[in-house]
Amino acid sequence: MNDLWKNYRKAVLDTFPDLKFEKQHANWENKKGTKLTADLYSGKYFLKSRHVDIWDEKYLNIHNNIIYPKTGDNVPCFGMDLMGFSEKKVIIVFDFQHPVENFLLEVPPLPKTTETYRFFEPGNHFSDNIFVRYCEMDMVDTYLPTFKYYLSLYKEMIEESKPTGTDTSVYRDFDSYMIRLDPISGYLSSSFGKEESEKLIKEFFFSYAE
């Protein structure tokens, strides 16, 4: 794997060392050599952290992960879409993603976003502090300190609340919204086949949807 996001994945596991690998849900390769793995982690205060990596032997390198905390204390998820498409086209997105629709989450002392982004709507499961940057591949780690800072604030939330509930219905609307919003379904269908891709979306990506 052209491991563009290794330092970001390491930052997550360093921040939350109790996240332990549970199982691999999928390991695919299509006729063009594009590969996909879907791995499930869980932790003391987390229902799951689901890691998806998609890459080829050229430039494609995507890492997607949403960390779902246990329930009962109104704690947001932490999501990341780290997408490398070519040497000069990289999109970095990470944010606190609240399960309640139209919940106006703001995390001080982080700056509020002033931009409008397609697929990422602040105030509708995304926070006012969503971080989005466009860069080239050799600039990826420039934003790693900011990513670690966001993670540190998220860790403070988790350690303060210490959620223990397992009511996955809390995430029903969130996952349903993500299925409607996320462009990954179309990409997966074209790359790996519609039937298997739809099954992966429902059973792994957003398994708490109705």
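Trainee: Which backbone nitrogen does the side chain of Asp56 reach at 3.1 Å?
Mentor: That of Leu60. The Asp56 side chain also reaches the backbone nitrogen of Tyr59, at 3.2 Å. This is a predicted model: local features need pLDDT of at least 70, side-chain atom pairs count only at pLDDT 80 or more, and totals for chains, interfaces and linings use all residues. Residues are numbered from 1 along each chain as its sequence is written, and side-chain values use heavy atoms, with hydrogens and water left out.

Trainee: Where is Asp56 found?
Mentor: In the loop between β3 and β4. Strands are DSSP E runs of at least two residues and helices H or I runs of at least four, numbered from the N terminus.

Trainee: Is Asp56 buried or exposed?
Mentor: Buried, meaning under 20% relative accessible area with a 1.4 Å probe, protein chains only.

Trainee: What is Asp56 in contact with, leaving aside neighbours within four places in sequence?
Mentor: Gly33 and Thr34. Contact means heavy atoms within 4.5 Å.

Trainee: Switching to the sheet. What is the strand order?
Mentor: β1-β2-β3-β4-β5-β6-β7, open, with antiparallel pairing. Pairing takes at least two DSSP bridges. β1 (20–29) and β7 (131–135) are at the edges with a single partner strand each, so one side of each has no neighbour in the sheet.

Trainee: How many bridges between β2 and β3?
Mentor: Eight, in the antiparallel sense. Asp39 stands opposite His51 in β3.

Key. Buried < 20%, exposed > 50% of the residue type's maximum accessible area, 1.4 Å probe, protein only. Lys, Arg positive; Asp, Glu negative; His and termini not counted. Salt bridge = Lys/Arg side-chain N within 4 Å of Asp/Glu carboxyl O. Polar contact = N/O pair within 3.5 Å; in protein donor to acceptor, adjacent residues only side chain to side chain.
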